[in-house]
Amino acid sequence: METRKKQKGKTMAGVKLLGLGKARGDRLVTNDDLARQVDTSDQWIREKSGIQSRYFAVEKTETYLAAEAAEAAVQSAGVEREKIAVCIVCTFTAEDQTPAAACSVAGRLGLSEEILALDVNGACAGFIYGCHLANGLLAMEKDRYALVIGSEKISPFMNLEDRGSCVLFGDGAGAAVLSFDEAADFVFYGGCRPDRGVLHCRRGGYIEMGGQEVYRFAVSVVPKAIAKTLEKAQMTEADIDYFVCHQANERIIDAAARRISRNPSKFFKNLYSYGNTSAASIPIALCEMEEQGLLQAGTRLVCTGFGAGLSYGSMLISR
C-alpha cells in the first residue's frame with residue numbers, strides 16, 4: 001500500500017471496522033445454468049453486468065446466512081460477546097414479519113439479553129444506513145460494540161422468466177463488528193429520491209426493475225455521494241485507500257471510477273462471483289478485501305450503496 005498522504009481535513013470521532021465475516025448461499029449458479037432456464041447467455045450477462053456466477057441459498061435461510069456471517073465477524077474481532085450492545089440486520093428479505101432477524105441472530109450467537117436488536121430495510125444502501133445508526137448509538141456507549149449485518153436471500157423473489165433482473169441477483173451475507181474510537185474517521189452522506197416504480201418488490205411477489213432507469217440513477221448518484229462524503233470529511237480522493245461501491249453492475253462501478261479517480265484499481269470489485277446481494281454486497285466485499293490482505297489498521301474506505309427507494313448512502317470509515 002502506498003504511504004498515506006497527510007490528511008487535509010480534521011479527524012472526526014466515530015466507528016471503525018474491528019472484525020469482518022461473510023456467508024454465501026449453498027448452491028453455485030453459473031450464467032450457463034441460468035441460460036438453461038431463461039432466454040439469455042453467458043456472454044450477454046457478462047457484457048451487461050460483468051457477473052459470471054452467483055450463489056443461491058437452497059437449504060440456508062436468510063437468518064442462517066446472517067448468523068453465519070456474524071459469527072465469523074465476532075471471531076475476527078475477538079471481542080467479548082457480552083460487550084456487543086447493538087445488533088442490526090440490514091435486509092429486505094427477512095423470512096418473518098416479526099420478530100426481527102436481528103433478534104434471531106442475537107439468540108443464535110448467544111449475545112447478551114441487554115442488547116438493542118433491530119432490522120433495517122434500506123435495500124442496497126442498507127449496510128451504509130446500519131453503520132450510520134450504529135455510529136450514533138455507540139457514541140452513547142463508547143466502551144461497547146455494534147454488530148451490523150447485511151443479509152439477503154433474494155432468489156425466492158426472482159422471476160426466472162425475466163432475464164433483465166433474474167440474472168443479476170444472488171444470496172449471501174456480510175457482517176462487521178464496529179467499535180467507537182475518538183480518533184477514527186467516520187462521515188455519512190445519504191438520501192432518498194422517492195420513486196417506487198423504478199425498483200420494487202411487492203409482498204409475496206417478484207422483484208420488478210426498470211434497468212435503464214436504475215442505471216441512470218446509479219451513475220448520477222454514486223459520484224455525487226462520494227464527492228459529498230469527501231467534502232464533509234474535508235478530504236480528497238488521494239486521502240482514500242479504496243472505494244467500495246454496491247456490487248450491482250460493473251459498468252456502474254467503472255463509470256463512477258472514471259469520474260472520481262485516475263486510479264481505477266482503488267475501486268474494489270467482486271460482483272463477478274456473487275452478483276448483486278443487495279445489503280450484503282458491501283460487507284461481503286470488505287470481508288474479501290480483508291482476506292486478500294488489502295485492509296490494514298488505518299486503511300481509509302469510502303463505501304457507497306444505492307437501490308430501491310430510490311435510496312442511497314455513502315460513508316467514510318476506517319479499519
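**View 1. Strands S4 and S6 in the sheet.** Strand S4 (residues 84-90) and strand S6 (residues 145-152) run parallel and are joined by six bridges. Val-86 has Ala-146 of S6 as its bridge partner. The model is predicted: local features need pLDDT of at least 70 and side-chain atom pairs pLDDT 80 or more, while totals for chains, interfaces and linings use all residues. Residues are numbered from 1 along each chain as its sequence is written, and side-chain values use heavy atoms, without hydrogens and water. Helices (H or I, at least four residues) and strands (E, at least two) are DSSP runs, numbered from the N terminus.

View 2. The order of the five strands is S1-S7-S6-S4-S5, with mixed pairing; two strands pair if DSSP finds at least two bridges between them. Strand S1 (14-24) and strand S5 (116-120) are the edge strands, each pairing on one side only. From one strand to the next the twist averages 15°. Helix H9 (residues 281-291) packs on this sheet and touches S1, S6 and strand S7 (172-181), contact being heavy atoms within 4.5 Å. The directions of H9 and S1 make about 90°; axes are lines fitted to C-alpha atoms, for helices over the stretch in contact, and angles run from 0 to 180 degrees between N-to-C directions.

**View 3. The tilted pair Phe-92 and Phe-157.** The structure holds six aromatic pairs. Rings of Phe, Tyr and Trp (its six-membered ring) pair if their centres lie within 6.5 Å; planes under 30 degrees apart are stacked, over 60 edge-to-face, and the rest tilted. For Phe-92 and Phe-157 the centres are 6.4 Å apart and the planes at 50°, so this pair is tilted. Phe-92 lies in the loop between S4 and helix H4 (101-109), and Phe-157 in the loop between S6 and helix H6 (163-166), so the pair ties together parts 65 residues apart in sequence. Phe-92 is partly exposed at 26% relative accessible area, and Phe-157 is partly exposed at 22%. Buried means under 20% relative accessible area, exposed over 50%, and partly exposed in between (1.4 Å probe, protein chains only).

**View 4. The stacked pair Phe-243 and Phe-267.** The ring centres of Phe-243 and Phe-267 are 4.8 Å apart and their planes at 15°, so the pair is stacked. Phe-243 belongs to strand S11 (residues 242-245), and Phe-267 to the loop between helix H8 (250-260) and H9, 24 residues apart. Both Phe-243 and Phe-267 are buried.

**View 5. Arginines over aromatic rings.** Arg-163 lies over the face of Trp-44, 4.2 Å from the ring centre. Arg-251 lies over the face of Tyr-215, at 5.0 Å. A charge sits over a ring if NZ of Lys or CZ of Arg is within 6 Å of the ring centre and within 35 degrees of the ring normal.
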